[in-house]
Amino acid sequence: MGHEVRIRIKTLVMILAMVVCANAGDLMLKRGMTHIGAVQVSASGLQHAFISTITNGTIWLGIVFLIGFMASYMTVLSWADYSYVMPAGAFGYALLTLLAVVFLHENVSPRRWVGVVLICVGVLLVGQTRPRTTEAVVREVAA
Amino acid sequence: MMRVALLLAVLILGSTGGEIAITYGMKATGEPARLRPREILLFLAQALRNGWFWAGVPLMALSFYSLLVLLSWQPISFVIPASALSYVVGTLGAKYILREDVSPARWIGVVLVCAGVALVAAG
């Protein structure tokens, strides 16, 4: 396998891991917080909310996913361009809309569909550029 | 109006500035030899010892707090689409600070993503 192809494949795998972890993490946090209920902004209310959150398994699972997101983001940025990874990660927004339609049967406005199409076309355009363009800078920094 | 624009600038510059600092730190750390869990963990531990990573964290925290304050002033349907501008600002930072080669195709893609995220977030 060529060097370029290998970089491209491992970059796409890490971006997929980022998107999955970020979406799963947000979903778990939302589930957990919905279970806990609306937080009252008072000394006893905040104390109660704090204890409910740190003893909630779903919240911890969400935090683990979000740490997974940060870990995959940092790892992919060690070799790929920021200007490649950042827009490509927006694929998550499009994915979230599709999941909401398929699994939650949510109604999606035409405006939001246009947004999903723009994101997909944009990510495809960014995706076919070279994931890494800063070979020289990396050597300079490492030296 | 003025304070909203100012806070929006802090939000966007904080998140992109923080991510650029972290990218710089990651590039300076090198890269994991193989993508095995053990090697990735060792690599990340090494990255946490890089000063650029810790320069990025407070910037991102600043950005997060400005988001919270903005959300208390403006509807979310304004705040999130407006913050989608960070895709364009981040790409400018990647080009001029990180010296990445942003080809025309990548620029067009970034602008489409920015517009798309704004539309999706506006609902």
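This is a predicted model: local features need pLDDT of at least 70, side-chain atom pairs count only at pLDDT 80 or more; totals for chains, interfaces and linings use all residues.
Q: What makes the contact of K10(A) with E31(B) a salt bridge?
A: The closest N and O atoms of K10(A) and E31(B) are 3.1 Å apart. A side-chain nitrogen of Lys must lie within 4 Å of a carboxyl oxygen of Glu, and the pair K10(A) and E31(B) is therefore counted as a salt bridge. Across the interface of chain B and chain A, the rule finds three salt bridges.

Q: How do you know that chain A and chain B bury area between them, and which atoms carry it?
A: Buried area is the accessible area that two parts lose on being put together. For chain B and chain A this comes to about 3,600 Å², with 71% of it on carbon and sulfur atoms. Of the area that chain B buries against chain A, K27(B), R106(B) and V120(B) supply 20%, more than any other three residues. The contact takes 43 residues from chain A and 44 residues from chain B.

Q: Why are the buried residues of α5(B) said to line one face of the helix?
A: In α5(B), the residues S86(B), Y87(B), G90(B), T91(B), G93(B) and A94(B) are buried. Seen down the helix axis, the buried residues of α5(B) fall within an arc of 160°, so they line one face. Their cover includes α4 and α5 of chain A, together with α1, α4 and α6 of chain B.

Q: How do you know that the predictor is confident in chain B?
A: On a scale from 0 to 100, the mean pLDDT of chain B is 93, and 100% of its residues reach 70 or more. Among the elements of chain B, α5(B) has the highest mean pLDDT (97) and helix α4 of chain B the lowest (88). For the complex, the predictor gives an ipTM of 0.93 and a pTM of 0.88.

Key
Residues are numbered from 1 along each chain as its sequence is written. Chains are lettered from A and ligands numbered from 1 in the order in which they are written. Side-chain values use heavy atoms; hydrogens and water are left out. Helices (H or I, at least four residues) and strands (E, at least two) are DSSP runs, numbered from the N terminus. Buried means under 20% relative accessible area, exposed over 50%, partly exposed in between (1.4 Å probe, protein chains only). The arc is that of the directions from the helix axis to the C-beta atoms. Contact means heavy atoms within 4.5 Å. Buried area is the accessible area (1.4 Å probe) that two parts lose on being put together, summed over both.
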